[in-house]
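Here is a short walk through one protein model. Keep the sequence and the 3D view side by side as you read.

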Amino acid sequence: QVQLVESGGGLVQPGGSLRLSCAATGFTFSTYAMAWYRQAPGKERELVAHITWTGGRTNYGDSVKGRFTISRDNAKNTVYLQMNSLKPEDTAVYYCNVPARHYWGQGTQVTVSS
């Protein structure tokens, strides 16, 4: 059974940092690209970051370039999203995704507010 379990969300002040984790089970994690998406209230879900199966190539949404970093540890079946210089507009539910299989996690809430 495929499971993607996100963690690390929470409330943070503007300018702060958070690190999200997504632990994957039930499929061969090391052979799949992974992605993070987010969805804010009243908005469509948008791509935040994408990483290839080796971790050798990454891509980011324009709104997070230079502030967020996606990485993965294939030995731990985990993908990470380091978020720095957070802004109120980063407030959203963040989802882990396997693009090739349309697997989704349950999401973790990130709220950026003073």
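R38 is buried, with a relative accessible area of 5%. The model is a predicted one. Side chains of opposite charge can pair when their charged atoms come close. R38 has such a partner in D90, and the closest N and O atoms of this salt bridge are 2.9 Å apart. The pair links distant parts of the chain. D90 sits in the loop between β8 and β9, while R38 belongs to strand β4, 52 residues apart. D90 is buried too, at 1% relative accessible area.

R38 also meets E46 in a salt bridge, 2.6 Å from N to O. E46 is partly exposed, with a relative accessible area of 34%. A network of salt bridges links R38, E46, R67 and D90. The whole structure holds four salt bridges. One of them joins D62 to K65, with the closest N and O atoms 3.1 Å apart. Here both residues are exposed.

Now turn to the nonpolar core. The largest one has 28 residues. M34, W36, V79, L81, M83 and Y94 touch the most other members. Several strands each supply at least two residues of this core, including β4, β8 and β9. The contacts of Y94 include W36, L81 and M83, and also R38 and E6.

E6 stands opposite C22 in β3. Five bridges join β1 to β3, and the two run antiparallel. Four strands form this open sheet, in the order β1-β3-β8-β7. β1 and β7 stand at the edges with a single partner strand each, so one side of each is left without a neighbour in the sheet. Neighbouring strands are turned by 15° against each other on average, direction ignored.

Note on methods: Residues are numbered from 1 along each chain as its sequence is written. This is a predicted model: local features need pLDDT of at least 70, side-chain atom pairs count only at pLDDT 80 or more; totals for chains, interfaces and linings use all residues. Side-chain values use heavy atoms; hydrogens and water are left out. Two strands pair if DSSP finds at least two bridges between them. Axes are lines fitted to C-alpha atoms, for helices over the stretch in contact, and angles run from 0 to 180 degrees between N-to-C directions. A nonpolar core is a set of buried Ala, Val, Leu, Ile, Met, Phe, Trp, Tyr and Cys residues joined through side-chain atoms within 4.5 Å. Buried means under 20% relative accessible area, exposed over 50%, partly exposed in between (1.4 Å probe, protein chains only). Contact means heavy atoms within 4.5 Å. A salt bridge is a side-chain nitrogen of Lys or Arg within 4 Å of a carboxyl oxygen of Asp or Glu. Lists of a residue's contacts leave out its neighbours within four places in sequence.
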